Amino acid sequence: MSGIHKVHELHTRRKGRNASLGIVLALFVGLIFAVTMVKLSKPQSVDTKAPNYSIDAVTE
Amino acid sequence: MTDVNYMAETQEYDAEFGDYVELLKPRVMRLVIFTAAVGLFTAPVAVHPVIAFATILCIAIGAGASGALNMWWDADIDAIMKRTANRPIPSGRVKRGEALSIGITLSVMAVIMLGLFGNLFAAGLLAFTIFFYAVVYSMWLKRSTPQNIVIGGAAGAFPPMIGWAVATGGVSIESILMFALIFIWTPPHFWALALFRNEDYKAAGIPMLPVTSGTRVTRRHILAYSVLLVPIAIAPAFTQIGGPLYFAVAVAFNAVFLFGAFRLWQRNDDVAEADGYRAEKRFFMFSILYLFVHFVALLAEAVLRGFDLGVANWPAWF
């Protein structure tokens, strides 16, 4: 019987491609996270409104 | 679109992930990654390894995106030439529209991310590089003038300058010389290829120098540019990023390069055809090694300086 199946043949055919794209996107998220950590860690800002504000920077 | 059309379309060949990667010209990307990394690591400002990795990735993706735009635009001539007939679009694995979408999306993403990860100046340079390769070279120069690769070579020369800009936020004599090295190296490199791929370019109607002016003029041009390349390749030795190691490598490799160019100038089509363009092919292959070794030497100088092993009194004239 034809009609809408839950898992279309297209999904099986494009499984590898979609999985690869998923990995790339996950790595991209990881990269953004790593860069954010580096950018926020140093140097600390004395500006209280800055995202990397640190009380240590004020007292140094 | 009706359901019937949709079902029919899904029966066509689906591009694999690797086909899309191929669209980004991975071999060109490797050279871009390497030269951009050298530009970044030889700069006098230290960059955090994570930022260095992220920015070099952006430069590589930007270069790949411009490659996809080039394939989108040149699909018709790529199908004619043997060297490019198996590329994703002419071989029917990827649709032209897909290449255009990927090219534009990745270009925009790479420029924005480089602006966020690095700085706006580096992002602006990357945007200009993509524009230069996709529009100035591919759409305008490639099919209109035999000077196509001379001017278009600038696109391939920008990556070390962008790497340097990521670290320093600007341009200096060192990054200009790295740019000039690739820029002046590009014509003899591609003209050597054009000599033994002349029929391909002729069939596709691309006005490469051997097609428009003949191989005699091309051989003369290869020699002239190789002579011009010598001082440009040696000059970085006498800047902040140079040193005796780079100087020795540059002198040795330029001597061989110049000798190779001289040999090509002495030869004619009859001799070349008789031995299957052996000297031309060897010169082309050596030119790849030539550029690679120059940048390796610059990197080696940076490593030596990092360990305080550089020569203290080495003259930095520029």
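**View 1. Packing around helix α6 of chain B.** The buried residues of α6(B) pack against α2 (15–41) of chain A. They also pack against α2 (17–23), α4 (49–73), α7 (120–141) and α8 (148–168) of chain B. Contact means heavy atoms within 4.5 Å. This is a predicted model: local features need pLDDT of at least 70, side-chain atom pairs count only at pLDDT 80 or more, and totals for chains, interfaces and linings use all residues. Residues are numbered from 1 along each chain as its sequence is written, chains are lettered from A and ligands numbered from 1 in the order in which they are written, and side-chain values use heavy atoms, with hydrogens and water left out.

Among the buried residues of α6(B) are B:A99, B:G103, B:S107 and B:L114. Buried means under 20% relative accessible area, exposed over 50%, partly exposed in between (1.4 Å probe, protein chains only). Helices (H or I, at least four residues) and strands (E, at least two) are DSSP runs, numbered from the N terminus. With 22 residues (96–117) at 1.5 Å a residue, α6(B) should span 32 Å; its end C-alpha atoms are 31 Å apart, which agrees. The expected span is 1.5 Å times one less than the number of residues.

View 2. B:T84 sits in the loop between α5 (75–80) and α6 of chain B. B:T84 counts as buried because its relative accessibility is 1%. Beyond its neighbours within four places in sequence, B:T84 contacts B:I77, B:D78 and B:P90.

**View 3. Helix α3 of chain B against α8(B).** The axes of α3(B) (residues 26–42) and α8(B) come within 7 Å and cross at roughly 35°. Axes are lines fitted to C-alpha atoms, for helices over the stretch in contact, with angles from 0 to 180 degrees between N-to-C directions. From α3(B), B:V32, B:T35, B:A36, B:G39, B:L40 and B:T42 meet residues of α8(B) including B:P160, B:G163 and B:W164. The residues of this contact divide into 8 nonpolar, 4 polar and no charged. Buried residues of α3(B) also pack against α4, α9 and α14 (278–306) of chain B.

**View 4. The largest nonpolar core.** This core has 92 residues. A nonpolar core is a set of buried Ala, Val, Leu, Ile, Met, Phe, Trp, Tyr and Cys residues joined through side-chain atoms within 4.5 Å. Helix α9 (residues 173–196) of chain B gives the largest share, 13 residues. B:L181 touches B:L229, B:Y246, B:Y290 and B:F295, among others.

Note on methods. Nonpolar A, V, L, I, M, F, W, Y, C, P; charged D, E, K, R; others polar.
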